[in-house]
Amino acid sequence: MRRTNVALVGFMGAGKSVVGRVLAARLGKTFVETDSLVEQRAGMSVAEVFARLGEERFREMEASVVREVAGGCDCVIACGGGVVLREENVSALKSSSVLVYLEVSAEAALQRIGPKSTVRPLLSGPDREQRVTELMESRLPVYTAAADVTVSTVGLTIEQVAGEVEERLKDE
Ligand code: S3P
């Protein structure tokens, strides 16, 4: 693998963070999460950034964090679900990372996210199922286009997904 980072992309609930932690340990890389880095810098939660500063400001902070980690940290990077929406993020990541798209169905995502919407501002409205379906539909082509490798997560344990990603990285 020439690129030293592994960037996990995909929808909310795909398991980017939990799989990322396991994968980083297996590969001997540092684990980082774009959401956590934004939170550290902002001094508030992602939900608070959305509520107080707005989504656009969040996206700017997110892009700045992506630029930094894509600069090369020998990391497994769990990217927030919307990172791929900005082309500049995708090209920054591509320069140093293998992009792994973790696929999840709307049903599985909803199940994993659970009923609480406080941590995920995009799903705080009334009809979460419809919102997830619509958002997922509009983003699927973007995830697919960005991905070097696609791994399905439905019906698999965290360990199994991490193992599958590790296997697939050998060809990259
Ligand atoms: C978002 C996903 C979230 C977080 C923010 C926006 C999105 O991250 O960055 O709420 O646009 O899909 P996770 O994918 O880790 O939940």
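Reader: What are the ground rules for the model?

Author: The model is predicted: local features need pLDDT of at least 70, side-chain atom pairs count only at pLDDT 80 or more, and totals for chains, interfaces and linings use all residues. Residues are numbered from 1 along each chain as its sequence is written, and side-chain values use heavy atoms, with hydrogens and water left out.

Reader: How many residues surround the ligand?

Author: A residue is near a molecule if one of its heavy atoms lies within 4 Å of it. Here 14 residues surround the ligand. The closest are Lys 16, Asp 35, Arg 59, Arg 120 and Arg 139.

Reader: Which polar side-chain atom lies 2.7 Å from an oxygen atom of the ligand?

Author: Arg 59 places a polar side-chain atom 2.7 Å from a ligand oxygen. For Lys 16, a side-chain N or O atom is 2.7 Å from an oxygen of the ligand. For Asp 35, the side-chain distance to a ligand oxygen is 2.7 Å.

Reader: Where is empty space left?

Author: Rolling a probe the size of a water molecule over the atoms shows that. A pocket is an open set of points on a 1 Å grid over the protein atoms alone, where a 1.4 Å probe fits, with protein on both sides within 12 Å along at least five of seven lines; lining residues have an atom within 4 Å of a point. In this model, 38 residues line the largest pocket. Nearest its centre are Met 12, Gly 13, Lys 16, Asp 35 and Arg 120.

Methods
A polar contact is a pair of N or O atoms within 3.5 Å; within protein, one must be able to donate a hydrogen and the other to accept it, and residues adjacent in sequence count only if both atoms are side-chain atoms.
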